[in-house]
Amino acid sequence: MIQKPKGTYDVYGDYSKKIKYFEKLINSLMEKYNYEYIRTPLFESSDLFHRGVGETSDIVTKETYDFKDKGDRNLTLRPEGTAGVVRSFIENKMYSNSLLNKFWYYGPMYRYERPQKGRYREFYQFGVEAFGSSDPMMDAEVISIPVNLFKLLGLKEITVHINTLGDIESRNNYREALKKHFKPYLSELCDDCNNRFLKNPLRILDCKVDCDHSCIKSAPKISEYLNEESKNHFENVKKYLDSMGINYVVDESIVRGLDYYTHTVFEVEAKVEGFGSQNVLCGGGRYNDLVKTLDGPEIPGVGFALGLERLFTALEYENIDISEKINLDVFIIPICEEAKTKAVKYLNVLRMNGFNVDMDFLGRNLKNNLKTLEKINPKFVMIIGEEEINSGVLTLKNNETHEEYKVENENLIYFLDSNIEGE
Ligand code: HAM
């Protein structure tokens with residue numbers, strides 16, 4: 001039997017009910033925030049991720065799904081959403097309207113990682129990217145999105161961690177300080193860290209192999225190297241978060257796994273026992289240079305993305321069930337051959353009048369149909385037999401109270417309208 005690829009999963013049953021609810025929620029939340037939906041291709045030119053996400057991030061160096069198409073183009077399945085959205089923003093000259101451009105996206109991402117709970121090779125992200133404002137208010141708005149989403153879902157055990165990486169000047173100074181600090185330890189650090197030392201020493205702080213080495217713990221802190229502008233920016237982000245009533249902790253260990261960040265970075269963590277680093281439900285930050293790096297104008301951006309699978313695990317852990325049940329209004333049971341014609345007619349008419357309707361397609365007898373009604377759980381059951389066809393009067397049964405109603409054909413819609421509460 002052919003099986004699904006490693007690190008992927010199928011969506012069905014309860015999981016698909018949860019997804020339906022979640023998708024509706026992010027749709028309505030993003031309307032409230034006035035963000036526009038954007039969709040970019042699942043694969044992009046490989047260069048985009050190398051130049052955009054960075055040559056020192058694990059995501060690009062080790063985890064991409066790269067392939068050549070028949071035209072010999074180097075393509076990559078997107079490992080994240082930011083680079084594609086930035087590419088689209090530049091390519092479609094969306095910046096020319098001089099307005100603030102705020103986008104949200106939702107879709108699958110691909111990373112060749114070691115699969116485990118909360119870590120997949122195909123996973124779903126909901127994310128946003130806001131271009132055009134360098135105001136710290138924008139950072140605070142973006143941070144507020146996952147925080148409010150988690151609140152709406154009823155998640156309680158979450159912590160917002162924020163940090164700043166400063167502007168280019170501050171980062172360059174910090175980079176030099178880190179180089180000086182790490183140089184004597186290079187022979188004790190892993191190959192990746194030796195490579196990071198040359199290209200982006202900040203990423204050594206994020207190493208999963210060397211994380212317990214004393215030189216990482218004793219490394220200089222970014223806060224000692226921030227210039228005035230960077231300090232101000234971060235102070236203002238905190239001020240605006242305070243004003244929004246959002247609790248956070250400043251956590252200098254957050255450097256993020258992608259190369260494009262400047263100034264604010266943040267992660268929101270859950271507290272699922274045994275979930276380890278997969279407790280990071282979402283992450284994001286400001287990227288003031290990425291649009292320019294990808295050959296666009298000098299336009300700042302800030303965004304975040306959250307992993308759907310991790311969010312669902314956190315919800316399960318807090319016993320929060322978001323699965324959306326379909327409320328069936330009517331289930332039609334034709335009990336003789338001639339009744340089928342009437343049954344499909346009502347099936348169609350009622351659906352087009354806004355009711356949720358299904359019928360027995362299995363040709364089961366009445367007894368067997370009634371046995372499964374508990375599972376199907378419609379508000380009304382409509383049984384059509386010879387009597388109903390001849391008399392023009394329909395029989396409807398309230399599935400909860402078992403009360404029976406006789407309804408004239410032409411009064412059916414009126415009857416259902418008056419007896420079923422609109423959602
Ligand atoms: P990221 O931290 O790489 O950031 O991913 C964001 C979230 O995606 C993570 O917090 C996690 O929930 C989820 N995630 C990542 N990898 C996996 C995986 N293998 N399996 C399941 N879930 C995963 C970004 O992707 C940035 N593009 C975020 C961003 C947007 N920054 C600015 N704008």
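Author: A polar contact is a pair of N or O atoms within 3.5 Å; within protein, one must be able to donate a hydrogen and the other to accept it, and residues adjacent in sequence count only if both atoms are side-chain atoms. Helices (H or I, at least four residues) and strands (E, at least two) are DSSP runs, numbered from the N terminus. Here is a case: at the start of α5, a side-chain oxygen of Asp-135 comes to within 2.8 Å of the backbone nitrogen of Met-137.

Reader: What kind of model is this, and how are residues numbered?

Author: This is a predicted model, where local features need pLDDT of at least 70 and side-chain atom pairs count only at pLDDT 80 or more, while totals for chains, interfaces and linings use all residues. Residues are numbered from 1 along each chain as its sequence is written, and side-chain values use heavy atoms, with hydrogens and water left out.

Reader: How many Å should helix α5 span?

Author: The expected span of a helix is 1.5 Å times one less than its number of residues. Helix α5 covers residues 136–153, 18 residues, and should span 26 Å. Its end C-alpha atoms are 26 Å apart, which agrees.

Reader: Where does α5 kink?

Author: The bend at a residue is the angle between axes fitted to the seven residues ending there and the seven starting there. In α5, a kink of about 25 degrees lies at Ser-144.

Reader: How many residues of α5 are buried?

Author: Buried means under 20% relative accessible area, exposed over 50%, partly exposed in between (1.4 Å probe, protein chains only). In α5, 14 of the 18 residues are buried, so the helix is largely enclosed by the rest of the structure. Just after α5, Gly-154 has a positive phi of about 90 degrees.

Reader: Which residues other than glycine take a positive phi?

Author: The general idea comes first. Most residues other than glycine have a negative phi, and most peptide bonds are trans. Lys-93 has a positive phi of about 45 degrees. Its place is the loop between α4 (82–91) and β5 (101–110). His-263 is another case, with phi near 55 degrees. His-263 sits in the loop between β8 (249–250) and β9 (264–269). His-263 is buried, at a relative accessible area of 4%.

Reader: Now α6. Which of its residues are buried?

Author: An α-helix has 3.6 residues a turn, so residues three or four places apart point the same way. In α6, the buried residues are Ser-170, Arg-171, Tyr-174, Ala-177, Leu-178, His-181 and Phe-182. They cover an arc of only 125 degrees around the axis, which puts them on the same side of α6. The arc is that of the directions from the helix axis to the C-beta atoms.

Reader: What do the buried residues of α6 pack against?

Author: Contact means heavy atoms within 4.5 Å. The buried residues of α6 pack against α7 (191–199), α8 (214–217) and α9 (228–244). Helix α6 itself (residues 168–182) has 15 residues and reaches 20 Å from first C-alpha to last, close to the 21 Å expected at 1.5 Å a residue.

Reader: What covers the buried residues of α11?

Author: Helix α11 (residues 308–317) has 8 of its 10 residues buried. The cover includes α1 (13–33), β5, β6 (122–131), α5, β10 (280–286) and β11 (301–307).

Reader: Thr-264 lies in strand β9. What does Thr-264 touch?

Author: Thr-264 counts as buried, at 2% relative accessibility. Its side chain joins that of Asp-139 in a polar contact of 2.6 Å. Not counting residues up to four places away in sequence, Thr-264 touches residues including Asp-139, Ile-143, Asn-163, His-233 and Arg-286.

Reader: Which residues are closest to the ligand?

Author: A residue is near a molecule if one of its heavy atoms lies within 4 Å of it. Here 28 residues surround the ligand, and the closest are Glu-80, Thr-82, Glu-113, Tyr-120 and Tyr-261. A side-chain N or O atom of Glu-80 is 2.6 Å from a nitrogen atom of the ligand. A polar side-chain atom of Thr-82 lies 2.8 Å from a ligand nitrogen. Gly-307 uses its backbone: an N or O atom there lies 3.1 Å from an oxygen atom of the ligand.
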